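Trainee: I have just opened this entry and would like to be guided through it. Could you start me at a single spot and widen the view from there?

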Amino acid sequence: MLDEDSSVVLLRRARQADASFLPAELDLLRATVDRFTFAERRRAAASGIPDRALARCLAAVAVQQQTRLVFDSLQAIERTFGRSRCTVAMIADIRGRMPPHVRERPLDLATWHAAVGELALYSYSWATYGDAIRDAGDTVEAIAVLDQGVREITEPLNRLRLSIGLLQLVTAHGDSARMRSIRGGIDAMVQRDGRPAMRFNWLTEQMERAPDSRTRDSLARLALPIARQHRARAALFTWFTSDGATSLDHGDIARAVDALRSAAALADTIGGTASRSRMHARLGRALVKQGRVGEGIAELRRSLALADPGDRYTLADINHNLGHAYESAGVTDSAVRAIDRFAALAAPFQDDGIGIISLRDAGAIRWDAGLHASARVAFDRMVRLIVRRQAYFFYAGEYYERIGDLARARRFYARVSEADSEEGARALAGSVRVFESLGLADSAAALARRHDRAPSTAEEIPLLPAVLVRTGRSEPGLAAMRKWIATQSPQGNVERTARARTHLAGLLLEAGQFGDAIAEARRAAEAASGANLVEARARAMLVEGTAQLRAHGADSAARTLMRADSLLCGRASTELAFELSDALGDALAEHGQVAAALVAYDRAASMGERMRTSFDEDLDQARVHAEKIAPLDGAMRTLLSGRDRLNTELLTRWSQRRKEALFADARTRRTASIAELRRGMGAHDALVDYVVLDSIVAAIVVTPSRAGIVTLPITARQLGDRIAALRRPFSAYNGRVDVARLFFDTRNAAALHAALVQPLDSLTQGASHLIVIPDGPLHLLPFDALVTNAGATPAFLVDRYEVSYLPSAGFARGSDAGGRRPGSLLFVGYGVEGDTTEWTRVAAAWRGKSQRLLGSGASEERVTAMAPRFDILHFAVHARADVTDPLASHLALAAMPGQDGLFHASEIERVQMSPSLVVLSACETDAGAVLRGVGAMGLARAFLVAGARGVVGTEWSVGPAALQLMSVFYSRLAAGDRPATALRTAKLALRRDSRTANPFYWAPFTLTEVR
């Protein structure tokens, strides 16, 4: 019927006439499902039913949430009241609706028919049983089942629905003759019946399979007048809902938004909160997909406010979509909170995969935002659930591929059945990536062919073309991609066509065919424009502009990218806007428009900074900063290579921004001018700010009387190779360094001095204190060990200069040129041979207020409690700097109940302290993974983040000579020397002793300050 209100009235009268007639009871539940909350549905289902078993059964199915929960409820009712027609029929029906991996083997037709009883009058029961047979692998039998159902059902609307299901199954099976026969039979049945509901439903079903918007428009001209003539708001609602879903499937996002907006408005008029919530959620998803992220988030939040508090499944789904919407907007903290709510709500719904998907998304959003540690917690829970359920192996493979465990990724991908069209295709795609990463190009190509031959989902594009292009077989790869586009475009999925053409343009760009790349990108933009796909159009224009720039058409590239930029108008995801602004900066710089380029770079950099500051943890911020450093590199490259290369002031400010240290007070720190830097310098200081880019290495030098920029005679790659070679002999093997075989390459050290320091002599003349701001691989170079004279008796930089380090020039302001004796010292020693002796020497040299924590007393709890009360913290412990995972770096302290004794970098950062100095007399405490624009993510940095003003750390393993160095260091510190001066004096003492003259003994100790 088209009159839903009258339908409900009649169904209620049917209940009064015979409350035990299941079809009428279930129809009444379906008619009111969108009007009531869960609690109201349960009460309405049981109201007026004297049979308690039937009342409980109807209340259980009234909720219509996850099938396993309903199934378990029905079995519990049977245990309490015994078997009844309702429980037997509904359990049989639900078996057909369970996911294939948890469903029991389908009953034979006769047994099922007897079990469902009266429900065999209804199309949905036959359809779900047919689905179960099909999922068991017997499509021919499934067609036969639906065929029998069509013959048995006499009620016209139910017969029409099942006939349509049969048509879809036969179509998927590829029987075109049978398909035409069934379609003709349906047309004749609808014509004979003559009722408007029959014709409207048939038109709606045809619309859902229409290949293009023109066909859907012609069907709408036939269907909508029927609903409007009968004032059937529910029918109009059904039409617009179906039109919206179909348009989304075909990539026609603009039409989908219009249809879903109409459906949402009708839902608001009809008044059921469940349907209102559902439609505003769908509208929100479509708006996000269109690039109107802010509007989409508003609709999703409205949907959340309307949702039934008892409907966990719907609440989970809304939070799922809201999380991805926030992610698109670049609001990561809100995205994480929404996805965590999704995971919590989805926890009971594991059989249909929503629990696994929620953990996957909780991990993926965190991982993509740089929150790797917490991401892995969610991923590991997901894998345990996958192994237990023996399903959804793709997600486990995706996770292991993400973390670089390709062997496990390959095994999990191989466990996915290719018969599962969507997950099977995705698993094949994952296997292709794994084989490419392993360098097995032929295996990758073979799997890509299998992937591309399989039925594809609406999101997929072929893989083989990209594999061929990446392995140097460009022409067959490009031809395959063009052929695929030609066969897919007529199917009407505008979004996929636009994505595929953009992908082809990218392949042409990779193959060096810039003209063809430009033309294809324009076709992609045109396809996206026709469907008002704003982000897809902008992405195509991004590829076009990049190709124009590669073809040395900087002027046209700038114009294209500016058009794409204006097209977005703030509606795109932050990631796309970031990429576009960065590319625009490159184009403008190449075109010689330096000022305009810097504006574009500034905007991209600001987006990166907003993404970064949405995180609380230093490591997460640092990772985002390193990933989003391209526009800052672009600005520096432009300034160093263009006409404005002598603009030292501007370059100094950009360098400070690029090397944002992210320490405790960095968010409020503004860039310092050269005049401000000079005010904080001593008379004999020279600040040297190194800049290491892919194309150029330079130094900005500021002294009290002069400033300048020097391009250095070395490349970034040469620099990295030389520093690695210099450090290699000092690397520990199995935790030990072979001191007897130490070799220090004086020629290499002299070459580094000639490239890095000697060219600065004219600017640093008269200086005795170098304040070094390293960049890139220079974070791993102890400048003291550079050789200024590579003769028989080499001279080192430490002989000439006092050297200290800063994270960025902004931290040089307001420095204290004089010495300051800190008032108190806390010594922490644990697990290191000679820690008691070191304590004795340090305490004797310091001669001030001091306290020790040794052995079992050196626990995490006691250290964190006492550290804030002291001016100097000294650690004589074992340490580990983890290059691959900085979160695993730690100091080894005493283990206690409930504490592992591993004082991790992340734990150090959370301690509220402000010591003047932290001394880490342990191995590799200033080493660690080096992130671009940030530096080494080691333990020294962790203490600076926690609030320390200076840290003495180590670049490599240290031995017993550290005792002698510390004695001299603390003696001079106690006498009033600055830490940099005291450290140099201690190093020179070892340098002049023949037993410790090798730089291995004294060079690893470095002082980093945050003044």
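Mentor: Let us begin with Ser824, which stands opposite Lys849 in strand β9. Before going further, note that this is a predicted model, where local features need pLDDT of at least 70 and side-chain atom pairs count only at pLDDT 80 or more, whereas totals for chains, interfaces and linings use all residues. Residues are numbered from 1 along each chain as its sequence is written, and side-chain values use heavy atoms, with hydrogens and water left out.

Trainee: In which sense do β8 and β9 pair, parallel or antiparallel?

Mentor: Strand β8 pairs with β9 (residues 849-854) in the parallel sense, over 6 bridges. Two strands are said to pair if DSSP finds at least two bridges between them. As for the names, helices (H or I, at least four residues) and strands (E, at least two) are DSSP runs numbered from the N terminus.

Trainee: How many bridges join β8 to β10?

Mentor: There are 6 bridges between β8 and β10 (residues 872-877), and these strands run parallel. Within β10, Leu873 is the bridge partner of Leu826.

Trainee: How many residues of β8 are buried?

Mentor: In β8 (residues 824-830), 6 of the 7 residues are buried, so this strand is largely enclosed by the rest of the structure. Buried means under 20% relative accessible area, exposed means over 50%, and partly exposed lies in between (1.4 Å probe, protein chains only).

Trainee: What about β7, and what does β4 do with it?

Mentor: Strand β4 (residues 769-773) is joined to β7 by 4 bridges, and the two run parallel. Val772 stands opposite Tyr805 in β7. In a regular strand, side chains alternate between the two faces of the sheet. Both faces of β7 (residues 802-805) are covered: Glu802 and Ser804 are buried on one side, and Val803 and Tyr805 on the other.

Trainee: Turning to helices, at what angle do α30 and α31 pack?

Mentor: Helix α30 (residues 534-550) packs with helix α31 (residues 554-568) at an angle of about 165°, and their axes are 8 Å apart. Axes are lines fitted to C-alpha atoms, for helices over the stretch in contact, and angles run from 0 to 180 degrees between N-to-C directions. The two helices are therefore roughly antiparallel to each other. Angles under 35 degrees count as roughly parallel, over 145 as roughly antiparallel, 65 to 115 as roughly perpendicular and the rest as oblique.

Trainee: Which residues make that contact?

Mentor: Among them are Met541, Leu542 and Leu549 of α30, and Leu561, Leu567 and Leu568 of α31. Contact means heavy atoms within 4.5 Å. By class, the contact of α30 with α31 has 11 nonpolar, 4 polar and 3 charged residues. Here Ala, Val, Leu, Ile, Met, Phe, Trp, Tyr, Cys and Pro count as nonpolar, Asp, Glu, Lys and Arg as charged, and the others, Gly among them, as polar.

Trainee: How far apart are the axes of α35 and α36?

Mentor: The axes of α35 (residues 630-641) and α36 (residues 648-658) are 10 Å apart, and the helices pack at about 160°. They are therefore roughly antiparallel to each other. Their contact includes Leu639 and Leu640 of α35 and Trp654 of α36, and its classes are 8 nonpolar, 1 polar and 3 charged residues.

Trainee: How many residues of α45 are buried?

Mentor: In α45 (residues 939-946), 8 of the 8 residues are buried, so this helix is largely enclosed by the rest of the structure. Phe943 and Arg941 are among the buried residues. Just after α45, Gly947 takes a positive phi of about 125°.

Trainee: Is Ser431 buried or exposed?

Mentor: Ser431 is buried, with a relative accessible area of 10%. This residue is found in helix α24 (residues 421-437). Leaving aside neighbours within four places in sequence, Ser431 is in contact with Tyr413 and Leu447.

Trainee: Finally, how many helices and strands does the protein have?

Mentor: The protein has 48 helices and 18 strands. Of its 1011 residues, 56% count as buried.
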